[in-house]
Each structure stands twice: as C-alpha cells, then as structure tokens.
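Have the sequence and the coordinates open as you read.

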Amino acid sequence: MTRLVLRGARWPGDVAVEDGWVTAVGDPSTVPALPGDEVLRVDGDLLTAGLVNTHHHLYQRITRGWAADSTLFGWLTTLYPVWARLDADDVEAAATVALAELALSGCTTAADHHYLVPRGDDSVFDRLVVAARRVGVRLHLARGSMDLGESSGGLPPDAVVEDLDAILASTERVVAAHHDGVDVTVTVAPCSPFSVTPQLMRSSAELARRHGLALHTHLAETLDEERDALARFGKRPLDLLEDWGWLGDDVWLAHGIHFDDDEVERLGAAGTGVAHCPSSNARLGAGTCRVADLRRAGAPVGLGVDGSASSEPGSLFGELRQALYAARLRRLDPTELTAADVLDVATRGGAACLGRDDVGELAVGRRADVAVWPGEDLLDTPDPLAGLVLGPDRSVRHLLVGGRRVVVDGEPVGLDLRAARADLARRASRLFS
Ligand SMILES: Nc1nc2[nH]c(O)nc2c(=O)[nH]1
C-alpha cells in the first residue's frame, strides 16, 4: 500500500502513514522521502491526534434552540414529547449532519449515547451506523435505554420508555450486528438515574461484562438529580451506582459534576471515567466538572460535546477552549488547566474513557487518526498549541481516520453537507409546525 506522508507541519513535524497506522513522526530526517510516497503538503499547519468525543446525542441535532432558558429537567420534559415524534429517517438525517460537523471540528472517534427508540423501532441503531460509515468517523454506539416512565416515578413520559426485556434483547441484537471494536464499538448505556430502574442498571452491567463491553450513563449532572436520588433511594447518585455494580474501569459517566472530595477519590481509585461537557453544562446551568481534581485522583477525563440541543455549536474543537475557561473560572486560577491539558483530555483522556489504546495519540504504532489544523494565522504565536486552543474557532483543513481522508480542504469527503443540512432543516421545521 502507498505510504502517505504529511510534510511541512509546524507541529509536530512530518508524519508518515501506512496501512492505517502512523509509522513515523518527526523532522524530515526521521521521515525521509521514499520512492512511491504520496505527499500531502501541510506547510505551517498544526497536526494533532484526532479528537475523541466521549458523549453526544446525535439525534438532538434536529432540535437545536428549544427550551433555551431551562434547567435539565425542564429542558427534557419539553423535548421528550418532541423526540417521541421522530422516526428512523429523522435520526439518520440528524446523525449524518452532526457527525459531519464533528468531523470538521477535528473529531475522529465519537461516542453517541442514543436512548430514544421511538415506538420501539430499534432500527435507529442501524441508521446511526449507516451515518457514521457515510461520514467516516469511528462510532462508539452507546445503546441507551429508559425503562422508568412518569407513571412509575420517572421523569420521561411513558410513551418514550421501553420494556426491560425488549431493551436487553435489542442490545444483544445491536452487539451481534455491529460491534467490531475498531470502527463501531457497542457500549451498554442506560440513560440516567431518573429514567431507569435498578433492574435495568444491574442487567445492563451483567450483559456488558458478559460481552466484554464498556458501560456508560449520565451521572451527577444536576442538583435536581441528586435530590431525586436522595428522595427516592436515600442515597447519593454515586452510592447508587456502586450498589448497582457500576464502579469500575469499564465505565465512563457523562457530566460527572456534583461529586464531593470522597467521591472524586473513589472514582479515581476505581478508574471510572468522566465525559466532561462544558458547553452543555453551562447552557443548562448544571455546574462545572472538577476536571483537574478528577485527573489528579486518577480518573480518566474526556471531552464531550453532548447533543446539539444543549450545546448548539456541535463543535468538539469549541469544547477545548470552553473546558479551559470553565476550569479557570471554577478555581479563579489561570494555571488550573493549560492548553496542553485540554488537548490531552480531548485525545488521550477520551480514548482512556472509551477503553482504547489504539487512538488518542499522534505517535508511531497508533491508528492514523489525524487532525490537520490551518496554522497560517498562528505563525506569529510563540506557543502554537496554546494559540490553537485559545485562538479563534476553526475547522480542520484535513482529517484522516485510519489513514482514510474524511475531510479534504475543509470539506467532508463524499457528502453534500449543504444538502444534508437543508434536508434536516425541513425535517426540523415539521416538529414545530
Ligand atoms: N445533557 C443531557 N442530560 C441528560 N440526561 C438525560 O437523562 N438525558 C439527557 C440529555 O439528553 N442531555
């Protein structure tokens, strides 16, 4: 197979890619020209490992801007009935646009927590895989689920929850149909403490461990969630999680904001990861994740966009700066999280949350998932990575996933994004007409 060499980058130098893997990184003497090389000039640009998005709800790209000033519970109760009207075509259309936008923002691996199965139609999971293959991004398909409706004390209306047995059977089907652990990785992902039964949490852990799959759920996102857990169970969310057998290094949690010191230590000791979603947390007034404390305690922390209904830009690149700002505001300390720290969270930290050691680093022996960031406006900055994180919003010039070109010259390959957005806008307007 032809070797592809990216030449002329300001950071970290030249990169060679063969058969989907990085085979050399460094100055031109480390990556000498070989006959037959294909060369991609990236003069003055900055290369990073592809960013890893550890939490998203791709379908929510169809409901941007709803319940704009609501808390999580108000936002959810406004949107559940709207989402109940979606069908599998809507989900595929929304996922296609959301994934293309993620790719443009440097994301090569995306975890999608999909817990909405309208009218029991679990072909939505097949459609998410279709969308990911069309765009070319690796998918961690978190088969979400809710089985605690309003009539049983849950937050969601009964119309959007599923039956426990149906959830487990469907999860088995989705694993058999799609899990390969490289391009598509299935995760077992009951939704949140106020939308699931303890039986679903325990059965999901059993199913996941039988197949060697990871577990994912929302936890400690809001004080409303904490009050609900205390009222219904007399326990804090993390204690419930532990009761359900979920405290382990095969688990990562979305948001993970409201942890006390002891809980931070327990998460670190267990190696349980946290998907930090700074824009969504701010948009919903949920709080600020203790990113630096969790990392110091040994818990993997990754970055997540969350759905575009609570994080409208849908840009993983944008979350880098947002994470840095949030951490510094929380502590009133500009050294709390550096640009290098947030890049580490968005790459190696995210990969660790997802249980992967083949992605998340631009290094020999890792998969060739590479983001090429335009660098011409950063030539006057002494620290190009700080300039990248702190600087203006940007999209990738090119994006490689396993050496495949997914974005070229700022455009998704093989997808008419303008037409896909127009189709999605038509579908979205139907929801409020
Ligand atoms: N930010 C979000 N939090 C959630 N909790 C829950 O149960 N669903 C959601 C969601 O869609 N977004």
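Let's start at a turn: strands S15 and S16 form a hairpin with 2 residues between them, and Gly402 in that turn has a positive phi of about 55°. Strands here, like helices, are DSSP runs numbered from the N terminus (strands are E runs of at least two residues, helices are H or I runs of at least four). Before going further, note that this is a predicted model, in which local features need pLDDT of at least 70, side-chain atom pairs count only at pLDDT 80 or more, and totals for chains, interfaces and linings use all residues. Residues are numbered from 1 along each chain as its sequence is written, and side-chain values use heavy atoms, with hydrogens and water left out.

**The sheet around the hairpin**

S15 (residues 398-401) and S16 (residues 404-408) run antiparallel and are joined by 3 bridges. Two strands count as paired if DSSP finds at least two bridges between them. Within this pair, Val401 stands opposite Arg404, and Leu400 stands opposite Arg405. S15 also has strand S14 (residues 370-373) as an antiparallel partner, again through 3 bridges. There, Ala371 has Leu399 of S15 as its bridge partner.

These strands belong to an open sheet of 5 strands with antiparallel pairing, in the order S5-S14-S15-S16-S17. Strand S5 (46-49) and strand S17 (411-412) are the edges, each pairing on one side only.

Is S15 covered on one face or on both? Both faces are covered, with His398 and Leu400 buried on one side and Leu399 and Val401 buried on the other. Buried means under 20% relative accessible area, exposed means over 50%, and partly exposed lies in between (1.4 Å probe, protein chains only).

**Two nonpolar cores**

A nonpolar core is a set of buried Ala, Val, Leu, Ile, Met, Phe, Trp, Tyr and Cys residues joined through side-chain atoms within 4.5 Å. The largest one has 119 residues, of which Trp75, Leu76, Tyr80, Trp83, Leu99, Phe259 and Leu320 touch the most other members. Helix H2 (residues 88-104) supplies the largest share of this core, 12 residues. A second, separate core of 15 residues includes Leu400, along with Leu6, Ala9 and Leu362.

Contact means heavy atoms within 4.5 Å.

**The ligand site**

Tyr115 turns up again here: 15 residues surround the ligand, and the closest are Gln60, Tyr115, Ser192, Glu221 and Asp306. A residue is near a molecule if one of its heavy atoms lies within 4 Å of it.

| Side chain | Ligand atom | Distance |
|---|---|---|
| His57 | oxygen | 3.5 Å |
| Ser192 | oxygen | 2.5 Å |
| Asp306 | nitrogen | 2.7 Å |

The protein covers 100% of the 290 Å² of accessible area that the ligand has on its own. Such areas come from the Shrake-Rupley method with a 1.4 Å probe, and for residues only the protein chains shown count as cover.

**Residues in loops**

Thr222 lies in the loop between strand S10 (215-219) and helix H6 (223-233). Is Thr222 buried or exposed? Thr222 counts as buried because its relative accessible area is 8%. A polar atom of the Thr222 side chain lies 3.0 Å from the backbone nitrogen of Glu225. Beyond neighbours within four places in sequence, Thr222 is in contact with Leu72, Phe73, His258 and Ala286.

Ser152, in the loop between strand S8 (138-145) and helix H4 (164-178), is exposed, with a relative accessible area of 52%.

**Backbone exceptions**

Most residues other than glycine have a negative phi, and most peptide bonds are trans. Asp19 has a positive phi of about 55° although it is not a glycine; Asp19 sits in the loop between S2 and strand S3 (21-26) and is exposed at 58% relative accessible area. Arg119 also has a positive phi, near 55°. Its loop runs between strand S7 (107-114) and helix H3 (123-135), and Arg119 counts as exposed because its relative accessibility is 59%. Finally, the peptide bond from Trp11 to Pro12 is cis, with omega near -5°, and Pro12 is in the loop between strand S1 (4-7) and strand S2 (14-18).

Methods
A polar contact is a pair of N or O atoms within 3.5 Å; within protein, one must be able to donate a hydrogen and the other to accept it, and residues adjacent in sequence count only if both atoms are side-chain atoms.
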